[in-house]
Amino acid sequence: MKKKIIAGVVVIAALVLAESSMVITEQNEYSLVRQFGKVGRVIEEAGVSMKIPFIQTVSTLPKQNLLYDLVPSDVITQDKKTMISDSYVIWRISDPLKFAQTLNSSISNAESRINTSVYNATKNVISSMPQDEVISGRDGLLAEKVMEGIGNNLSQYGIEVVVFEIKKLDLPNDNKEAVYERMISERNNIAATYTAEGNSEAKVIRNTTDKEVAIQLSEAEKQAEILKAEGEAEYMRILAEAYSDEEKTDFYSFVRSLDALKASMTGEDKTLVLPEDSPIAQIFRYD
């Protein structure tokens, strides 16, 4: 009976010893093995590891990305205008050993450091820009500059900021309407300037085009007159050549007289009275 009891105690002791010797690390966490309170080893891969029972202890830190929502705060622009910045960051523990040593493995301590670093970077960036640029750049450019400002400030704590985003960058209620009206007025002035410049350029183009068209028309009319004169000269030359002898001349006179008679017979009255010596009357005479 004693042997069974002793055997049972030994088995239980062995199980307790084995359990206290194992370290089970999950996929989404780091395991920190401490000896007398000091971190001696960091286990980053998921699985089962061993430690010295009763002497070494284990604590864990999150391995996945974490969200920290900053408290909305006032910031001052370069032109001394107050704005309200409301932002958040996604961060992760990049160096668990450094994180444990500098921040005592505390997530709240880490968020405090993040809050200070991000606020200072946001304040520095916005204070270097006039309010109009801050408002127009809040969709992307501003976040990029703040990320540059954060830089390596948090790496000394084993922290990496993965994403910084501005949820809202707004004006205080007491001067929001006045600022928007001023911005609208400035944009209208810019638009009017562009419109005036466009109209002026359009007028120059129209004047230049009209001048070119007038020159081309004048040149075309000149060429037309030259061609017309050359055609008439060629016509007269052909006629002169065709009727160069007396018989052809008489025939030509006869045809021209008929044309003249036809042109004169207009209206309802077809009676034509001609003197005897008229060229037209001569064509009806047979001597």
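This is a predicted model: local features need pLDDT of at least 70, side-chain atom pairs count only at pLDDT 80 or more; totals for chains, interfaces and linings use all residues.

Residues are numbered from 1 along each chain as its sequence is written, and side-chain values use heavy atoms, leaving out hydrogens and water.

Lys 80 lies in the loop between strand E7 (73-76) and strand E8 (82-93). (Helices, H or I of at least four residues, and strands, E of at least two, are DSSP runs numbered from the N terminus.) Check the backbone there: phi of Lys 80 is positive, near 65°, in a residue other than glycine.

Now jump to Asn 104, in the loop between helix H2 (96-103) and H3. Asn 104 isn't a glycine either, yet has a positive phi of about 55°. Asn 104 also counts as exposed, at 62% relative accessibility.

**Stop two: a three-stranded sheet**

Colour E3, E2 and E5, which form an open sheet in the order E3-E2-E5 with antiparallel pairing (two strands pair if DSSP finds at least two bridges between them). E3 and strand E5 (56-62) are at the edges with a single partner strand each, so one side of each has no neighbour in the sheet. From one strand to the next, the twist averages 30°.

Zoom in on strand E2 (residues 29-35) and strand E3 (residues 38-43), which are joined by five bridges. Here Arg 34 sits opposite Val 39 in E3. Two residues separate the strands of this hairpin, and Phe 36 has a positive phi near 55°.

On to E2 and E5, which pair over seven bridges. Pick Leu 32 and you'll find its bridge partner, Ser 59, in E5.

**Stop three: two helices crossing**

Last, show helix H3 (residues 107-127) and helix H5 (residues 141-150), which pack at about 125° with their axes 8 Å apart. (Axes are lines fitted to C-alpha atoms, for helices over the stretch in contact, and angles run from 0 to 180 degrees between N-to-C directions.) H3 and H5 are therefore oblique to each other; angles under 35 degrees count as roughly parallel, over 145 as roughly antiparallel, 65 to 115 as roughly perpendicular and the rest as oblique.

Which residues make the contact? Among them are Val 118 and Ala 121 of H3 and Leu 142 and Val 146 of H5, contact meaning heavy atoms within 4.5 Å.

Terms used. Buried means under 20% relative accessible area, exposed over 50%, partly exposed in between (1.4 Å probe, protein chains only).
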